[in-house]
Amino acid sequence: MNYILLAATILGVTAQGIVSKQYSLKAECQNSMMFSAVSAFFAMIFFVICGVGSFNLNPDVVPYSIAFGVFYCMALFGGLNAIRTGPLSISVLVNQFGLIIPTLYGIIWLGDDIGACGYIGIVLLFTALVFVNLKNEKLQFSRSWFIWLAVEFVGNGMCSTVQKMQQLKFGGAYKNEYMIIALLFVTLASLVSGLYKNKNIGKSITTALRYAPIQGVANGAVNLFVMLLTGLLPTAILFPSISAGGMAITFAIAILFYKEKLSKVQILGYMFGIISVVLLNI
C-alpha cells in the first residue's frame, strides 16, 4: 500500500508538470500568478470535499497552515523572480535541491535510518539533478538573483518540512483543515499578485480556468498522499523518491510526447535518477 501511494504521488507531481507545460505552450493570455491562484483554489476545494462531514478545526493547527502558506508563496514568488533575474537552469536546480531540507530534517532530528544504500541513493539523486538541469547557459550573477534563489530554496524545502512537522505533532489528524487554511492563504496572496498591473483580468482568469483546475486537483491529491506517507515512510526516503521517480517519468514524457532532444549528459543524469530510486527503496 505504501508504494501504491508513493507511485500515485509521483504521477500526481508529473501531471502537474504536464499541465504547466501545456499552459506555457498553449495559453493565449498567460499570467502565472493568476494560474497559481486558480490552481490553489481548486486544490483547496479538493480538501473541502475530502473533509465534508468530518471538519474539526483545532486552533493549534492554524500556525502550521499559515507557515506552510508563507513558505509555499516564498517558493512560488522566489522561483518566478529567480528565473526572471538569472539563469533558468540553475534557478530550477536550486528549487529541486530544496528537498535536502526535509531530508536532513528526517536524518538529523527524526533519526531516520536509511542505511548505506539510502545515502548512496541521495548522492546519486543530487548528481542526477545537476546533470539534468545544468546546460550551456551564459551565467549572469546579480545580488537580487542570489536573494531570490535563497527565498526559493528555503520556501520549497520548508513546505515539506512543515507538512511533516504538522502530521507528527497531531498524529496524522487535521489533514483537510490544515490544507484548507494554507491553500486559502496561497489563493488570496496569488490572486492579489495576479491582479497587480494586469491589463486583461477577465481573459487571464478565463485562460487559467482552462488548465489550472486539473493542476489544482492533482496538487491537492499529492499533498494528501504526502501527508499519509509521512507516517509510513522515513522522510529521508520519501522526498528523494518522489523527486527521482518524477524525473524518470518526466524523461519518458519529454522524449515520447514533446520530442525533446537531450544531451548525453542529461540522459546520464536521468539514468542516475532511476538508479537512485532503486537504492532509496532497498
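Is C73 buried or exposed? At 6% relative accessibility, C73 counts as buried. The cut-off for buried is under 20%, so 6% falls on the buried side. Keep in mind that this is a predicted model.

C29 is another buried one, because its relative accessibility is 16%.

Next, the surface. Look for L104, I108, W109, L110 and L168. Together they form a nonpolar patch, with about 520 Å² of accessible area. Which helix gives the most to this patch? Helix α5, residues 100-109, with three residues. I108 has its place in that helix. I108 counts as exposed, because its relative accessibility is 56% and the cut-off is over 50%.

Last stop, helix α10. Find residues 235-256. That is 22 residues. From first C-alpha to last, α10 reaches 32 Å. The expected value, at 1.5 Å a residue, is 32 Å, and the helix comes close to that. Is α10 mostly covered or mostly open? Mostly covered: 16 of its 22 residues are buried.

One general point on helices to take away. An α-helix has 3.6 residues a turn, so residues three or four places apart point the same way.

Key. Residues numbered from 1 in each chain as written. Predicted model: local features only at pLDDT ≥ 70, side-chain atom pairs only at ≥ 80, totals over all residues. Heavy atoms only, no water. Helix = DSSP H or I, 4+ residues; strand = E, 2+ residues; numbered from the N terminus. Expected span 1.5 Å × (residues − 1). Buried < 20%, exposed > 50% of the residue type's maximum accessible area, 1.4 Å probe, protein only. Patch = residues over 30% accessible without salt bridge, like charges linked within 9 Å, V, L, I, M, F, W, Y side chains within 5 Å. Areas by Shrake-Rupley, 256 points an atom, 1.4 Å probe, with all protein chains shown as cover. Salt bridge = Lys/Arg side-chain N within 4 Å of Asp/Glu carboxyl O.
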